[in-house]
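Work through the following exercises with the sequence and the model at hand. Each task is followed by a solution in steps.

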Amino acid sequence: MLEEYHERLKGVIFTYFRIWRCEFLPDCGLKAIRAIETSIYPLNLAFGIFCVVWHFIYQMVDYGYDLALTIVYFFAIYQCAMVFSEIMINHRDRIFEMLRFFDGWLKDTEPLIAEIRKKYLLINIKLGLKWTKIFLFFITFVGISVNSFHLYISNFSAPMLFTIPGLPKESLFYYPVNVIYGTILYFSILENIMIADAVVMIMILYFKSEFYTLAELVTKLNDTTTARNEASRILRITHESHFVALVKVKEITQAFWQLYFHKLFAIMIYLCCTLYIFNSLNSSIFIAVLIVGAMTSQIFILCFFGQVIESSSELLFNNFYMTKWYEMKLRDQKDFLMLLVNLQKPVRIETFGFGNISIYTFVQICKAAATYAAFLYTVIN
């Protein structure tokens, strides 16, 4: 059962890479062709941002809803480009290596920790699958609703509010090309960004499992007999497992800190714009609520799971601190003290400009976006 869920989560990540790197196309074995296939999506984004800028300069007539959504699309494409650069190109091999490392946790046979680890891995992998499905279903529902609304208000010609430059309205291809390209671009941006959030969430849940495993393992030292006779072995396993987990977490934070910065910066900008929409819509407030809900859920996912890994590492320290260390042998007490010092600093995800990623970060971003939206409304009106 555990292996099945683990393979399903890996399948989500592998499918994500295959689609957006166009690896589903036939492989002819030539590096040049492979490079061209990989560049298809970035070129699509580049043309999309050209269309958005063109719309902003030459096509825009409404400086309320249209302006806000155009800014949202600009920064969404920017975020999508950063996601592609950081996950698909710069850290693809590191993510795949991390998945192979997680395979080792499933195959571990150390009798003292293997069953505890499998228990928490099963819990958190199932949780990862569940929340990935819920998150993607909700975002897809929002995407379909907003896309349909934009088609309606643009007379079924502009799913992203812009039309392709140089394609006259009198042309036979005007409506089908604009609708098809706009819809494909819209959902390719939306799903790419959201599945990238799911990848971050999945990685963090694996490490949460490990910290919870170690936290339960050290509770064995609450038993006087175990503290006297088994402390050396438990401390050794805890130290080795915790050290390896810290090394891998550091690799993940090094891979994701730039991604977190670009994501949170972009989200703060277009959340500000979507909050401004509340002052621009009358009969379509439902659409504004959906958009703001989608943006808020993305921030929450990123910040909540930053809080999760910090809280799980703090749980390990708290459980370790509450053990019957005074029942241990003197040599084990010395090892205990050294390990306690190492566990004092909780594991955190940090990024430039936002500091530690936690629920507090989520609250601060929402407050800042609301403040900027009120200021924007005052200036424009």
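**Exercise 1: Overall layout**

Task: describe the contacts, secondary structure and dimensions of the chain.

Solution. Of the contacts (heavy atoms within 4.5 Å) in the chain with a separation of 6 or more, 79% are between residues 24 or more positions apart. This is a predicted model, in which local features need pLDDT of at least 70 and side-chain atom pairs count only at pLDDT 80 or more, while totals for chains, interfaces and linings use all residues. Residues are numbered from 1 along each chain as its sequence is written, and side-chain values use heavy atoms, with hydrogens and water left out.

The chain has twelve helices and two strands; both are DSSP runs numbered from the N terminus, helices being H or I of at least four residues and strands E of at least two. Their order from the N terminus is α-α-α-α-α-α-α-α-α-α-α-β-β-α. A box of roughly 85 × 55 × 30 Å along the principal axes holds the C-alpha atoms. Of the 381 residues, 52% are buried (under 20% relative accessible area with a 1.4 Å probe, protein chains only; exposed is over 50%, partly exposed in between).

**Exercise 2: Helix H7**

Solution. Next, burial: 35 of the 45 residues of H7 are buried. Ser-188 lies in H7 and is buried at 13% relative accessibility. Beyond its neighbours within four places in sequence, Ser-188 contacts Trp-20, Tyr-41, Asn-44 and Cys-80.

**Exercise 3: Aromatic pairs**

Solution. Rings of Phe, Tyr and Trp (its six-membered ring) pair if their centres lie within 6.5 Å; planes under 30 degrees apart are stacked, over 60 edge-to-face, and the rest tilted. The whole structure contains 32 aromatic pairs. For Trp-105 and Phe-207 the ring centres are 5.9 Å apart and the planes meet at 85°, so this pair is edge-to-face. The pair joins helix H5 (residues 92–107), which holds Trp-105, to H7 (residues 174–218), which holds Phe-207, across 102 residues. Both Trp-105 and Phe-207 are buried.

One aromatic cluster consists of Phe-14, Tyr-16, Phe-17, Trp-20, Tyr-41, Phe-84 and Phe-96.

A charge sits over a ring if NZ of Lys or CZ of Arg is within 6 Å of the ring centre and within 35 degrees of the ring normal. The charged end of Lys-208 sits over the ring of Tyr-212 at 5.3 Å from its centre, and Lys-248 lies over the face of Phe-101 at 4.9 Å from the ring centre.

**Exercise 4: Cysteines and a loop residue**

Solution. With a disulfide defined as two cysteine sulfur atoms within 2.5 Å, the count is zero. The cysteine sulfur closest to that of Cys-22 belongs to Cys-80, 12 Å away, which is too far for a bond. Cys-22 is buried at 8% relative accessibility.

Leu-161 is in the loop between helix H6 (114–153) and H7, and is buried at 14% relative accessibility. Leaving out residues up to four places away in sequence, Leu-161 touches His-55, Tyr-65, Asp-66, Leu-69, His-150 and Ile-153.
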